[in-house]
Amino acid sequence: MTTLQAIKADITTLPVDAIVNAANNSLLGGGGVDGAIHRAAGPELLAECRTLNGCLTGEAKITRGYQLPCQYVIHTVGPVWQGGDADEVALLASCYRESLLLAERHQIKTLAFPAISCGAYGFPIEQAVDIAVRTVHECIKQRNGFSLITFCCFDETMQQHYQQRLEGL
Ligand code: AR6
């Protein structure tokens, strides 16, 4: 049985097995949640990221967590919202699926996602929340190795969107 929850928190403070980073194709850091994760993890994270040769949109790569309270960071690259005709929906769903697959391969039991693509990348919030919850729910129906999956929201409005969508499951 996997519990799905939405909380309001800074993802860098969560004592889970892994947190997901909403990164960019370079995997070399940036603003938003990516910047916060690199700041909290320390320079060793960037050093490991430099060995990964970037990441394609919709895919995911894993590193250690270094100074973070989590063991691993799963870096995924969400799509930039371009109006909806550039495969954004499928690419965002792929971020969630690929992150879960990597997590499963590393025996991760507790995992936290930020709202991928909902900041600098401009994805419409309600649609992104629907894709996140639906994709994670579908994936965990097929595998039950996870005990807790957290949607970590930076503000209350985002948390309410997730809460509402989770209640609809
Ligand atoms: N904990 C949890 N959520 C956070 C945190 C935090 N510490 N900080 C921000 N958020 P964004 P994107 C929320 O822009 O849209 C970076 O520069 C934020 O409120 O971080 O996928 C990368 O390098 C929003 O709801 O990611 C890329 O270039 C959500 O995290 C680009 O931004 C995602 O916002 C990726 O853009």
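Trainee: What should I know before I start?

Mentor: Residues count from 1 along each chain as its sequence is written. Since the model is predicted, local features need pLDDT of at least 70, side-chain atom pairs count only at pLDDT 80 or more, and totals for chains, interfaces and linings use all residues, while side-chain values use heavy atoms, with hydrogens and water left out.

Trainee: How many helices and strands does the protein chain have?

Mentor: Helices (H or I, at least four residues) and strands (E, at least two) are DSSP runs, numbered from the N terminus. Here you get five helices and six strands, in the order β-β-α-α-β-β-α-β-α-β-α from the N terminus on.

Trainee: And what does the radius of gyration tell me?

Mentor: It's taken over C-alpha atoms, and the globule rule is 2.2 Å times the number of residues to the power 0.38. For 169 residues a compact globule would come near 15 Å, and the protein chain's 14 Å agrees with that.

Trainee: In what order do the strands sit in the sheet?

Mentor: Strands of a sheet pair through backbone hydrogen bonds, either parallel or antiparallel. Two strands count as paired if DSSP finds at least two bridges between them. Here, six strands make an open, mixed sheet ordered β1-β6-β5-β2-β4-β3. β1 (3-8) and β3 (60-64) are the edges with a single partner strand each, so one side of each has no neighbour in the sheet.

Trainee: How do β3 and β4 pair? Which residue is the bridge partner of I62?

Mentor: β3 and β4 (residues 72-77) are antiparallel over five bridges, and I62 has I74 in β4 as its bridge partner.

Trainee: What does R64 touch?

Mentor: Contact means heavy atoms within 4.5 Å. R64 lies in β3 and, leaving aside neighbours within four places in sequence, is in contact with L45, E48, Q71, Y72 and V73.

Trainee: Now the largest pocket: what is its volume?

Mentor: On a 1 Å grid over the protein atoms alone, a pocket is an open set of points where a 1.4 Å probe fits, with protein on both sides within 12 Å along at least five of seven lines; lining residues have an atom within 4 Å of a point. Grid points join across faces, edges and corners, and volume is the space filled by probe spheres set on them. That gives about 560 Å³ for the largest pocket. Of its 25 lining residues, A22, G32, V33, A115 and G119 are closest to the centre.

Trainee: Which element gives the most to the lining?

Mentor: That's α1, with four residues. β2 (18-23), α1 (32-41) and β6 (148-153) each supply at least two.
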